[in-house]
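Reader: I am new to this structure. Please pick a single part and go through it closely, in plain terms.

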Amino acid sequence: MSGSDPQGLYQALGIDPSASAEDIKSAYRRLAKETHPDTSANASTEKFQRISAAYEVLGDPQKRAHYDSATYQASTQEAEEHVLDPICCSRCGQVTAQPRHVVFFRVYSYIVGTTRTPVQGIFCASCAKKEGLKSSIITLFTGWWGVPWGPIYSIGSILSNGFGGKHDQAADERLLWYNTLAFLSRGNLQLAYALATLSKRTRDKEISKNAADLAKQLENAGADSRQAKLRNPWKISALYGAGHLLMAFALPGTIGLLIYADSQRGPPHSDYGYTAANIYSAPPSSIQYNPAMQKQPAKPSVPTCVTLPFNGKLLGPNQLLNSGGHSLEIRNGSSGNAIIKLREEFSRTVVAAFYVSSNQTAQIEGIPDGRYRVQYAFGDALDATCNSFVELSGAGQFPQAEALETERTATQIVTQVLTYTLYAVPAGNVTPQHISVEEFDR
Ligand SMILES: [Zn+2]
């Protein structure tokens, strides 16, 4: 039987089978909120479970591909009794003899992380090539600079897109066999014969046996075996493959060049050249560098911290963290130690302050629901309390306030993890804002 939503999963989320990954996610979020037993007056456990079950399949590119292609199942008998519609490309709407279900990836990076968005559907070969190219070009411009996953995901995705996208051979074989039967049911015997010849080589034993039987029948009925060979439209041309290779390897090259160019700019032999603070905060001259950069206390007269805090140590009175709650992870990819402050957006109360050593990652937990801003500062030496720097060499904050909200589902309580990276990414397009020492210390 055909029909593009056999178990009504798309219908459960109120969306169309052609919906994008973003559409699916936002439909799920909205409906989950509306029907959740804890948060809504219109709550319905049954509805909520149905929505969750639908999202579990449709939210996962591979499971979704499987679900979409499982739509197309028919038997030889059905093909003899009914007229079946051959599969159409989800983009151009044209009938395509050799369709595939393909997943392409687009990578988007932000200073706080990298996302890989699937773009998927049943494609004809020509639309698939266009979509692969488009996804790779978007990735080339938006993906590479997230740290550390941007370049890794970008290269992986561009190569995958360039070689036809992610597809599942078993699913493709099912689609091919369905089309064989569809063309058979419509009396296009020569094409059905050509497709049956391809389907004979399928790994699924039942399909390959049925295909062989059908091919034999059609041969007896006069199908011409000399015309049975179909061109493989999915073959990747050398030019197409080379274009993607070039895009994939342009990335490390470009990054290398930028890092090199940047290293030519900084003062020689400086340990402090590449912190997020000085790359991002403009103008660079506004950063108050301690002229005594050689790892000496800023002012000899000021007593300094004797034992440096361990990575992740909470600094000062942090009464506002509780058990459970959300998490904040800071990856300090810079060459200086940092102090991080998490502030409630409106009251500006410091909910937590903690220390992140150079080139380390630290995480705090127990952040209650709320809206927050993340600020950071670098400095050369800690004061005697070991809770703040004697003098800041730079301070900044991430531009967006983040809302943290606990979601309660029927079976679990979902909290959030925020991840920020302090790192030298020249030319990144989300730049932390420079803030004054007073603002950080307030
Ligand atoms: Zn198409």
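Author: Cys92 is partly exposed, at 35% relative accessible area, while Cys89 is buried at 3% (buried is under 20%, exposed over 50%, partly exposed in between, with a 1.4 Å probe and protein chains only). This is a predicted model, in which local features need pLDDT of at least 70 and side-chain atom pairs pLDDT 80 or more, while totals for chains, interfaces and linings use all residues. Residues are numbered from 1 along each chain as its sequence is written, and side-chain values use heavy atoms, without hydrogens and water.

Both cysteines hold the zinc ion through their SG atoms, together with the SG atoms of Cys124 and Cys127, at 2.2 to 2.3 Å (donors are N, O and S atoms within 2.8 Å of the metal, or 3.2 Å for Na, K and Ca). Along the chain these donors are spaced as C-x2-C-x31-C-x2-C. The angles among the four donor atoms run from 101 to 117°, and the site is tetrahedral (all angles between 85 and 135 degrees).

Asp85 and Arg186 form a salt bridge, 2.8 Å from N to O (a side-chain nitrogen of Lys or Arg within 4 Å of a carboxyl oxygen of Asp or Glu). Asp85 sits in the loop between α5 and β1 and Arg186 in the loop between α8 and α9, so the pair ties together parts 101 residues apart in sequence (helices, H or I, of at least four residues and strands, E, of at least two are DSSP runs numbered from the N terminus). Asp85 is partly exposed at 48%, and Arg186 is partly exposed at 45%. Arg91, Arg106 and Glu131 are linked in a network of salt bridges.

Key. Tetrahedral: all angles 85-135°; square planar, octahedral: opposite > 155°, others 65-115°.
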